[in-house]
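Open the model in your viewer and keep the selection tool at hand. The tour goes from the ligands to the whole chain and then to its core.

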Amino acid sequence: MRLLALFIALSLPAASYAQDGAAAWERIFAVVSHPRCTNCHVGESGRPAWDDLGYGAQRLHGMNIVAGESRIGAETIPCRVCHISAEGPNDVPHAAPQIDDAWRLPPAELAWRGKTGAEICTALRDPDLNDGFDMEELVEHVTTSAFVNYGFTPGAGRSPAPGSTEALAQDLALWAAAGAPCPDA
Ligand code: HEC
Ligand code: HEC
């Protein structure tokens, strides 16, 4: 990925840099603001969401599911009671989705649901607010995470996040090479 960023850096004239970085951010934002991502990236409330699954807008997870401080629902009903930790086709609409990782919410500081592009952008480039990742690690994370992969291939009856893991990784590298520009708040 370092090579990819370097290649992009060398192949761009300086003036188009900022422009390309801003355009890359717009594409990244279309992904990270999509319900397949924001239904998990919900923040302090610990309440996962069911937006864009056919239950109307701004819909929280049914059955009063709360992830709690553990982020896996250990304090109440664990996510794994319904979300199996093994790869699966997810081909039955409205069945609990499963992936090859423990289904859980991200730490509260990675909240994206209901936030503006400027807010998500400044958090995503800040290691204090992005789980400690530098840009290269962030690119690595999206290419290897079963959660991100799920967002692009969620199975039957669910709209996927726009693009692909490869396109997202490439846009993050492009955005990073341009100095990770963010829109004004
Ligand atoms: C009692 C069963 C049950 C438990 C326990 C449960 N879920 Fe779910 N979950 C479901 C079902 C069923 C769906 C699918 C809803 C649909 O697609 O209509 C779902 C869907 C989701 C979605 C939406 C996925 C998407 O693509 O938008 C998220 C996010 C989610 N669950 C998070 C969690 C988290 C986090 C926990 C643990 C804190 C948890 N769930 C515990 C049954 C459960
Ligand atoms: C089922 C819940 C779930 C879904 C859906 C999900 N994530 Fe995450 N995400 C997590 C968890 C948990 C972490 C914390 C790191 C880890 O444990 O892998 C995380 C961390 C991240 C991180 C690194 C930290 C940061 O800066 O936020 C990125 C980037 C990320 N997710 C991107 C995405 C994208 C893009 C999507 C949609 C395509 C998505 N995630 C969908 C659960 C989810």
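Select ligand 2 and the residues near it (a residue is near a molecule if its C-beta atom, placed from the backbone, lies within 6 Å of it). This shell has 24 residues, and Cys-37, Cys-40, Pro-106, Asn-130 and Gly-151 are the closest. What you see is a predicted model, in which local features need pLDDT of at least 70 and side-chain atom pairs count only at pLDDT 80 or more, while totals for chains, interfaces and linings use all residues. Residues are numbered from 1 along each chain as its sequence is written, and chains are lettered from A and ligands numbered from 1 in the order in which they are written.

Next, show the helices (DSSP runs of H or I with at least four residues, numbered from the N terminus; strands are runs of E with at least two). At least two residues of the shell around ligand 2 come from each of H2 (14–32), H3 (35–38), H5 (135–144) and H6 (146–152). Which helix gives the most to this shell? H6 does, with five residues.

Move to ligand 1. Around ligand 1 there are 26 residues, the closest being Pro-48, Gly-73, Cys-79, Cys-82 and His-94. By class, 18 are nonpolar, five polar and three charged.

Now zoom out to the chain. It has seven helices and zero strands. Its radius of gyration (taken over C-alpha atoms) is 17 Å, close to the 16 Å from the globule rule for 185 residues, so the chain is as compact as a globular protein of that length. The rule is 2.2 Å times the number of residues to the power 0.38.

The core holds 32 residues, and Trp-25, Ile-28, Val-139, Leu-172, Ala-173 and Trp-175 have the most contacts inside it. Two or more core residues come from each of H2, H4 (117–124), H5 and H7 (165–177). H7 gives the most, with eight.

End at Leu-172. Beyond its neighbours within four places in sequence, Leu-172 is in contact (C-beta atoms, placed from the backbone, within 7 Å) with Ile-28, Leu-138, Val-139 and Val-142.

How values were computed: Ala, Val, Leu, Ile, Met, Phe, Trp, Tyr, Cys and Pro count as nonpolar, Asp, Glu, Lys and Arg as charged, and the others, Gly among them, as polar. A nonpolar core is a set of buried Ala, Val, Leu, Ile, Met, Phe, Trp, Tyr and Cys residues joined through C-beta atoms within 7 Å. A residue is buried if 20 or more other C-beta atoms lie within 10 Å of its own, exposed if 12 or fewer, and partly exposed in between; C-beta atoms are placed from the backbone. Two residues are in contact if their C-beta atoms, placed from the backbone, lie within 7 Å.
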